[in-house]
Amino acid sequence: MSKKMKQSLAFILSAAMMMSLAACGDNSAEETSGQSKTAEQSSTSVQASASSESVVPEVTYEPLGKYDELVTITFANMLRDGTVDENGDTVTDNAILDYLKDAMNIEIEREIEATDQKDYTTALSLAITAGEIPDVTVVYDYDQLVEMAEADLIYDLTDIVENYAGEASNALWDGYDFDVFAKTTFDGKIMALPRISNEAGTLVWIRQDWMDTLGISVDEDGDMLITREELEMVASEFVEKDPGNSGNPIGIALVCNSGNTSSYNINPVCGSFGAYPWSWIQKEDGSIVNGVTTPEMKEALAWWSDINAKGLVDPQYGITKTDDIKAMFVNGQTGITFGARNLCNWFFNETYTADENARFVTYGLDNGTGKATYRAQDSQTRYVVVSKDCEYPEVAMKLYNLVTEVQSGAFDNEEIAQAYPDFYEVYIKNTGNFTTYEPLNIAVTFGDAVTTRVNEVKAWQAGKLAKEDVTDSTALKYIGAIETMEAGTATPAERVRYDEYLGTKTWVELLDSGTFELQYLLNPATTEEIALYYADLKTLGEEMQIKIVTGEESVDYFDTFVEEWNKRGGQEIVDGLEDFYN
Amino acid sequence: MKDKNVPRAKKANVRNRTSQIYFHLMLLPGMIFILIFNYIPMGGMVMAFENFKPAKGIFGSDWVGFKQFERLFSNSDFYELIRNTLVISLGKLVIKLVVAVAFAILLNEIKTMWLKKSVQTIVYLPHFLSWVVLAPVVFYMFGINGTVNSVLSSLGVDKINFIGSNDYFQGLLIGTSIWKEFGYGSIVYLAAITAVDPGLHEAAAIDGASWWQRVWNVTLPAMVPIIILMLAIDVGHVLSAGFDQVYNLYSVRVYETGDILDTYVYRVGLQQRQYSFATAVDMFKSIIGLVLMLSVNGLSKKFLNRSVF
């Protein structure tokens, strides 16, 4: 049976059911449930018509069930570069995909491929414009999700979530004390499966081995926080003495952007002043403000301008891109940056390989009151959607189940090891590989997984927990790294892992001791005013940051900027948001 | 040969007319191609007057009249954008013209054939490289720690931040663009020079004209029609200052002098999915381009008695 025929048969079947339901439909109160039932039944009938010529729908809900015959779905997600070391698997050819094919009869055919998020979003935009999206799509931009829902391009997943969500998926969702589907529900229908993770909180990363060589130390009181003065001192020592022997040391290398992320840019220091550039903050009186226009921002910029004058900021600030900073670390030019608790994992691995002494240490940045402030990031940043025309809408839930099951450790057993040795060796023993290479690429975090992980390692170190009893697979890897570090036989990858553990430990301890102070932010969808003015305002703001930090303009230029900001639509955006939220 | 052809002329004419039909038919696929891919999509320009939402489609989106154009003209960066675009674009246009013409004249003086050919090939080559490839080369050359700056500092001159300085960036753009394109641009001028009747040169030489005088009075006048043609074509694109070059070389630091209409539209229009706004800007560019092209053509017709069409 051709795809066209299957599609039309499915359509006729569902239309017939729709009509029969409409015929026996009673009152309007039950209309919604009737509609969703239709969707559910038509999906099962689609399955039936696909699997055999007979049209007797058999309803079995298996979260990881195998299809009767090979199901090929078109798929869109960003591509990651690189390979898994062990056997050269790539994103498009790996044992996870083999597992999907063998164990679940699912084959993935990528339709949109891009390694850059902007490119990906643009490509997906074109697909939305054409009204033809792949069967399963991972959306990175919330506005795009809204657009797809409004355009009626995506499948109502309410019943699929109800019926097909596996144990681990439900456990993941229940582990959060808020409605995880709040952002993906439109008109009471769940239109997308969210990626959920709570890994926010930026740390300062410093070359430990350089500090040792130069004989400098920070954080005397051991509260895992360093002050801005200490940060400046380290940067100035690094610039003066050039411990990397690069001949061209750079104090703090920065990218200039107008996002509300806190990696490699001025934002973490701004946060320590209480400024959250490019985030919308609601004050107690209900008024809304963008962090980039607050007086705290001016103070932060003054600090940056000051240390730039002392020669501690990358002279190419504004031109430097993320990859350039990565290269500066590999070349031994710079030894300080800001990033997540596991930054070393993807940002410094080449540095560890290039310099066998390379070690990093992490600290929180003191905001002056003995605490480190950080923005509570939006916990949902990716959304899995299914095309309305997809013949197997439950396939997305099955892929999602696979991710949650593997991450919960359910796959770490003999059975899998026997049946799928390649898959087991590379991806189950190291779930980090799995989350990197599984097609959805949605690495979720179970509410307390990271804390559990660190606590297990600590218990093992204290001799209270035997290695065999450690349940978290990443904790086991940390333990392995600690052992090789102590034995002095650590490979670069193990040194990365070791520092990742230390970073994670710092993060968890800061979180547990209440030293991290959360700043809650608004995550508004794009309002009409934002669509109209925000891109221009971002350009304006980026230019302002450059001008003040590099000293081209004095700090007082900030006041001119705020005036300009309000004039050019900033005020209108705020008015619109205040109307919306109050 | 001539004798044979003369009595046949009439007959040949008739046959030519019928056989020409086939030649015209051969144009058809090209015309259809242009119709489908260049004319029909122009209907999409209607988006400039709408608030286009992909979900609603071209026919379903809200009609907003000239709002997108108002947004463009009322933008306080608009004049900066136009200024940057024009400076970069006209700089490239004029200097490239002069360099390419001069190069063609000089190259024509080389009498050693193999040298002439190899120089020609070498200067054409950069044209075929994409800016995506060339941008890193430019960074290595002109970056703060690049080759040029090493030379400067070894001469005791202060380093110059070519890529990050508003004083140098436009010059860098124009310079690198001319380096890339002048060789390819000189092809047509070279062809024009070879078409000059050598008899004119001989006559001038006999009359005692120096090399300069011959270039000025014989070669250049012969090249005027082709120069006008190229100018008329190029001037139509004057509001496109070379997106791929600027996009690959610019940064926040040089928005002030390097941000052109196209990069602005890409950043604000396409990346933010403001399709209607992007369309409006492009339509504005096209109209200005058309007006300029027609004016150059008209002026040339009036004063030089020559025109493209």
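**Close-ups of a predicted model**

**View 1. Ala300(A) and its contacts.** Skip the neighbours within four places in sequence, and Ala300(A) is in contact with Val269(A), Cys270(A), Phe273(A) and Ala275(A). Keep in mind that this is a predicted model.

**View 2. The largest nonpolar core.** Here we step back to the core that Ala300(A) belongs to, a set of 184 residues. Which residues touch the most other members? They are Ile96(A), Val204(A), Leu254(A), Ala300(A), Val384(A), Val385(A) and Ala396(A). Helix α21 of chain A, residues 528-549, supplies the largest share of this core, with 10 residues. Apart from this core sits another one, of 9 residues, and its members include Ala100(B), Ala104(B), Ala192(B) and Ile193(B).

**View 3. Where chain B meets chain A.** On the chain B side, 19 residues are in contact with 22 residues of chain A. Which helix of chain B gives the most to this side? That would be helix α13 (residues 261-270), with 3 residues. By type, the chain B side splits into 8 nonpolar, 8 polar and 3 charged residues.

**View 4. Chain B on its own.** Chain B carries 14 helices and 2 strands. Its C-alpha atoms fill a box of roughly 70 × 65 × 35 Å along the principal axes. The radius of gyration of chain B is 25 Å, whereas a compact globule of 309 residues would come out near 19 Å. Of the 309 residues in chain B, 28% are buried. Among contacts in chain B with a separation of 6 or more, 66% join residues 24 or more positions apart.

Notes
Residues are numbered from 1 along each chain as its sequence is written. Chains are lettered from A and ligands numbered from 1 in the order in which they are written. This is a predicted model: local features need pLDDT of at least 70, side-chain atom pairs count only at pLDDT 80 or more; totals for chains, interfaces and linings use all residues. Helices (H or I, at least four residues) and strands (E, at least two) are DSSP runs, numbered from the N terminus. The radius of gyration is taken over C-alpha atoms; the globule rule is 2.2 Å times the number of residues to the power 0.38. A residue is buried if 20 or more other C-beta atoms lie within 10 Å of its own, exposed if 12 or fewer, and partly exposed in between; C-beta atoms are placed from the backbone. Two residues are in contact if their C-beta atoms, placed from the backbone, lie within 7 Å. A nonpolar core is a set of buried Ala, Val, Leu, Ile, Met, Phe, Trp, Tyr and Cys residues joined through C-beta atoms within 7 Å. Ala, Val, Leu, Ile, Met, Phe, Trp, Tyr, Cys and Pro count as nonpolar, Asp, Glu, Lys and Arg as charged, and the others, Gly among them, as polar.
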